[in-house]
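The following exercises ask the reader to work through one protein model step by step. Please study the sequence and the structure before reading each solution.

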Amino acid sequence: MAERDETGAVLVLALVFLVTVGLIVTALLQWSSNDLKNTSNFKSGRSVVYAAGGATEAAIWSARYSLTSGTNPCPGTGSSITIGGQAIEVWCTTVSNTQSAATRVVTLSACATGLSSVCANPFLVATVTFDDYSNGNPNANNCLQATPPLARKTCGTGMTLNSWVVR
């Protein structure tokens with residue numbers, strides 16, 4: 001009868017160990033590659049939000065001293081603003097306050113470019129109230145009546161940011 005020895009047992013244990021470690025490393029690699037993809041997506045999303053915020057701020061300062069009514073592309077923003085490689089359109093909806101003729105509420109909506117009409121799903125929506133009071137008479141609104149537009153020195157004398165919502 002041949003004697004049994006343990007020759008080769010270490011080889012089996014080494015193979016089991018290598019297979020187990022290989023499976024663990026494979027799972028960790030898939031997990032880390034998913035995190036890398038998420039980081040890339042987050043960076044892209046953050047870039048769009050940053051561009052929308054910058055374009056909206058530029059539109060706020062343009063709308064402050066320019067009077068528009070209804071819903072239009074915001075004054076001073078052209079067809080779009082490009083910030084950080086992201087092209088953004090900003091639309092302004094202006095409503096005059098019926099309580100005071102010298103106050104306007106402007107809602108600004110920042111969207112991706114290339115829309116045929118007003119954006120339905122904006123990245124950012126800001127609402128701003130502008131006060132257009134005359135220096136001499138707080139009840140008069142010389143801003144709306146002044147011509148030419150450069151004579152509108154009382155446009156936007158006060159400003160309140162009512163909301164800033166990123167979607």
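**Exercise 1. Determine which residues lie on each face of strand 5, and whether the strand is enclosed or open.**

Step 1. Strand 5 covers residues 124-131; helices (H or I, at least four residues) and strands (E, at least two) are DSSP runs, numbered from the N terminus. The model is a predicted one, in which local features need pLDDT of at least 70 and side-chain atom pairs count only at pLDDT 80 or more, while totals for chains, interfaces and linings use all residues. Residues are numbered from 1 along each chain as its sequence is written, and side-chain values use heavy atoms, with hydrogens and water left out.

Step 2. One side of strand 5 carries Leu124, Ala126, Val128 and Phe130, the other carries Val125, Thr127, Thr129 and Asp131, and all of these residues are buried. Buried means under 20% relative accessible area, exposed over 50%, and partly exposed in between (1.4 Å probe, protein chains only).

Step 3. Because eight of the eight residues of strand 5 are buried, the strand is largely enclosed by the rest of the structure.

**Exercise 2. Classify Trp164 as buried, partly exposed or exposed, and list what it touches.**

Step 1. Trp164 belongs to strand 6. Its relative accessibility is 33%, so Trp164 counts as partly exposed.

Step 2. The C-alpha atoms of Trp164 and Ala126 are separated by 4.4 Å, although these residues are 38 residues apart along the chain.

Step 3. Beyond residues up to four places away in sequence, Trp164 touches Gly53, Thr56, Glu57, Ile60, Leu124, Val125 and Ala126.

**Exercise 3. Trace the pairings made by strand 3.**

Step 1. Strand 1 (residues 70-73) is joined to strand 3 by four bridges, and the two run antiparallel. Thr94 in strand 3 is the bridge partner of Gly70.

Step 2. Strand 2 pairs with strand 3 in the antiparallel sense over three bridges. These two strands form a hairpin with two residues between them, and Gly84 in the turn has a positive phi of about 60 degrees.

Step 3. Strand 3 and strand 4 pair over nine bridges, again in the antiparallel sense. Cys92 stands opposite Leu108 of strand 4.

**Exercise 4. Which residues of the largest nonpolar core touch the most other members, and which elements supply the core?**

Step 1. A nonpolar core is a set of buried Ala, Val, Leu, Ile, Met, Phe, Trp, Tyr and Cys residues joined through side-chain atoms within 4.5 Å. The largest one has 19 residues, of which Val90 and Leu108 touch the most other members.

Step 2. At least two residues of this core come from each of helix 1, strand 2, strand 3, strand 4 and strand 5. Helix 1 gives the most, with six residues.

**Exercise 5. State whether Ala110 is buried or exposed, and name its contacts.**

Step 1. Ala110 is placed in strand 4. Its relative accessibility is 0%, so Ala110 counts as buried.

Step 2. Apart from neighbours within four places in sequence, Ala110 is in contact with Ala52, Thr56, Ile88, Glu89, Val90, Pro122, Phe123 and Leu124.

**Exercise 6. Give the order of the elements and the share of buried residues.**

Step 1. The protein has two helices and six strands. From the N terminus on, these elements run α-β-β-β-β-β-α-β.

Step 2. Of the 167 residues of the protein, 29% count as buried.

Conventions: Contact means heavy atoms within 4.5 Å. Two strands pair if DSSP finds at least two bridges between them.
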